[in-house]
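Reader: I am new to this structure. Please take me through the terms one by one.

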Amino acid sequence: MSPRATVGLLMLALALGARATQAADDGGTRSVFDVGAGNRALALGGAFAAIADDASGSLWNPAGLAWVERGETQLAQSEFQSDFHETFAGVVFPTGAGARQRSRSGSSAPPGIEQRDARNTLISSDLSNGESEIGLAYARAIGAWGLGARSSCAARMSPGGRATVWARTWACT
């Protein structure tokens, strides 16, 4: 059998044996306000996680900040359907030892949503939610690899009360 036929049969076997990919279900653990930030990042969708080299990069992949070549400031205000707002401000600057990034984001849902109990009894006519987050990130290039970390504090306001969440993210690309 020729090498070309062997390669063709191998590729056919791999294609037939491949499984379909599926999106991971978060089981309700992801915040409804967690839509991401940054105009370029949102335009690229999930593909931005592979590069993440601008002021919104730490939200997608902190290690991508290792490849930032110059300082950048990014301000964004988005308004989605039903008066859902998201605001993002971030600044990133490279240093001799890596790149540092600071960000602040906030989001809010529209007021006037009804809150009801299990029996569908109206409890409140002004159910609104919001989230505010402050984050710090650092990344460094080591050879062809980028190593990055992000620490953030998020305050989530909901009708049931207020929660403060600390999060740390480590990444390597």
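Reader: Why is Asp53 called partly exposed?

Author: Its relative accessibility decides that. Asp53 stands at 27% relative accessibility, so Asp53 counts as partly exposed. The cut-offs are these: buried is under 20% relative accessible area, exposed is over 50%, and partly exposed is in between, with a 1.4 Å probe and protein chains only. Arg40, at 37% relative accessibility, therefore counts as partly exposed too.

Reader: What kind of model is this, and how are residues numbered?

Author: This is a predicted model, where local features need pLDDT of at least 70, side-chain atom pairs count only at pLDDT 80 or more, and totals for chains, interfaces and linings use all residues. Residues are numbered from 1 along each chain as its sequence is written, and side-chain values use heavy atoms, leaving out hydrogens and water.

Reader: What makes Asp53 and Arg40 a salt bridge?

Author: The term asks for a side-chain nitrogen of Lys or Arg within 4 Å of a carboxyl oxygen of Asp or Glu. The side chains of Asp53 and Arg40 meet at 2.8 Å, N to O. Asp53 sits in the loop between helix 2 (39-44) and helix 3 (57-60), and Arg40 in helix 2, 13 residues apart. Helices here are DSSP runs of H or I with at least four residues, strands are runs of E with at least two, and both are numbered from the N terminus.

Reader: How many salt bridges does the whole structure hold?

Author: The search finds 2. Arg150 and Glu133 form a salt bridge, with their closest N and O atoms 3.4 Å apart. Arg150 lies in strand 7 (residues 145-158) and Glu133 in strand 6, so this pair ties together parts 17 residues apart in sequence. Both Arg150 and Glu133 are buried.

Reader: Where is confidence lowest, and where is it highest?

Author: Confidence is given as pLDDT, from 0 to 100 for each residue. In the protein chain, strand 8 (residues 161-172) is lowest, at a mean of 69. Strand 6 (residues 130-142) is highest, at 85.

Key
pLDDT = per-residue confidence, 0-100.
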